[in-house]
Amino acid sequence: MVERAAGILRERGHNVTLAQTTGPRMAGDLARGHIERGADLVVAAGGDGTINEVVEGMVHSRVPLAILPGGTANVLAMEMKLGSNLERVALRLDELQPRRISVGHVTCDGARTSRHFLLMAGIGLDAHIVYHVHGGLKAWAGKLAYWVASWSVLGRRLAQLQVELDGTRRQCSFALLSKVRNYGGNFEIARHVSLFDNQFEAVLFEGRSTAPFVKYFIGMALKQLDGMKGVTTLRADCVKLYCLDNSRAYIQVDGEYAGRLPAEIRIVPDALTLLVPSGYGNGFQTPQQ
């Protein structure tokens with residue numbers, strides 16, 4: 001499939017070099033190396049985790065990034081309404097427009113871990129699920145692996161987080177800091193944000209157990225989270241998070257495990273050139289500060 005997409009690009013006059021990853025954390029080095037050797041476009045084929053790695057190698061470069069959707073899920077492709085067919089997206093690449101965007105950056109594990117991300121950071125409940133996803137099951141069953149891992153939190157007492165943003169402190173058990181509306185490929189949680197924003201939409205969910213999350217899940221499915229008791233939506237460009245008890249609180253970025261609290265998560269403005277459809281972002285409502 002990737003070879004066919006490369007053939008399509010060659011037919012359209014592009015000089016294409018294929019570079020395949022053979023293990024984790026390789027994609028960023030590959031992208032960085034090709035940019036240093038004069039590449040004028042990087043096309044990443046894969047899921048959100050692969051794209052996240054590529055972004056790490058491209059931050060602060062002026063070379064555009066385009067994506068060909070694949071992997072377990074591709075939130076970025078769904079966010080931009082590119083579709084899931086890799087070859088069809090390859091046929092559309094020449095129609096896409098370069099836009100300069102911000103990315104997120106997380107520092108955690110006592111500053112031992114530092115990495116960028118494109119889409120979102122989840123802290124607490126959803127990161128606990130990501131942490132417990134079995135890699136082999138994920139490769140075989142795709143999204144089903146996350147539903148299996150979610151059983152590990154049923155009936156649990158959830159870690160309580162302290163979230164510091166915009167001069168205030170709040171408490172929750174799940175915090176989502178997002179640059180996109182799409183979540184997990186099927187739902188929307190942050191509903192007033194786009195990749196063009198220089199702030200996160202921060203959605204905070206309260207609850208000491210998983211019981212309130214049944215209500216939250218229904219509200220998410222029905223697109224009725226706004227104003228729901230126990231859910232707070234704010235905007236910020238820098239957020240600090242701590243765990244209030246002795247529990248471990250995990251962090252995921254773009255669907256991949258990133259580390260543990262404490263953490264600082266911030267916006268890096270003017271960080272990446274991304275090829276996007278001309279209509280992306282039209283009609284998105286950004287709340288006034």
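Trainee: By this rule, how many cavities of 30 Å³ or more does the count come to?
Mentor: Rolling a probe the size of a water molecule over the atoms shows where empty space is left. On a 1 Å grid over the protein atoms alone, a cavity is a set of points where a 1.4 Å probe fits but cannot get out, while a pocket is an open set with protein on both sides within 12 Å along at least five of seven lines; lining residues have an atom within 4 Å of a point. Here the count comes to one cavity of 30 Å³ or more. Keep in mind that this is a predicted model, where local features need pLDDT of at least 70, side-chain atom pairs count only at pLDDT 80 or more, and totals for chains, interfaces and linings use all residues. Residues are numbered from 1 along each chain as its sequence is written, and side-chain values use heavy atoms, with hydrogens and water left out.

Trainee: What volume does the largest cavity have, and which residues lie nearest its centre?
Mentor: Its volume is about 110 Å³, where a volume is the space filled by probe spheres set on the grid points, joined across faces, edges and corners. Of its 12 lining residues, G124, H128, L158, A159 and R248 lie nearest the centre.

Trainee: And what lines the second largest pocket?
Mentor: That pocket, with a volume of about 1000 Å³, has 29 lining residues, and T17, L18, A19, V42 and V43 lie nearest its centre. The elements giving two or more residues to this lining are α1 (2–11), α2 (27–36), β1 (42–46) and α3 (48–56); helices (H or I, at least four residues) and strands (E, at least two) are DSSP runs, numbered from the N terminus. The most comes from α1, with five residues.

Trainee: Which residues of α2 are buried?
Mentor: Buried means under 20% relative accessible area, with a 1.4 Å probe and protein chains only. In α2 the buried residues are A27, G28, A31, G33 and I35, and their cover includes β1 and α3. After α2 comes G38, with a positive phi near 105 degrees.

Trainee: Which residues touch the most other members of the largest nonpolar core?
Mentor: A nonpolar core is a set of buried Ala, Val, Leu, Ile, Met, Phe, Trp, Tyr and Cys residues joined through side-chain atoms within 4.5 Å. Of 60 residues in the largest one, M58, L65, L76, M80, L118 and F205 touch the most other members. Strand β16 (residues 263–276) gives the most to this core, with six residues.

Terms used
Buried < 20%, exposed > 50% of the residue type's maximum accessible area, 1.4 Å probe, protein only. Contact = heavy atoms within 4.5 Å.
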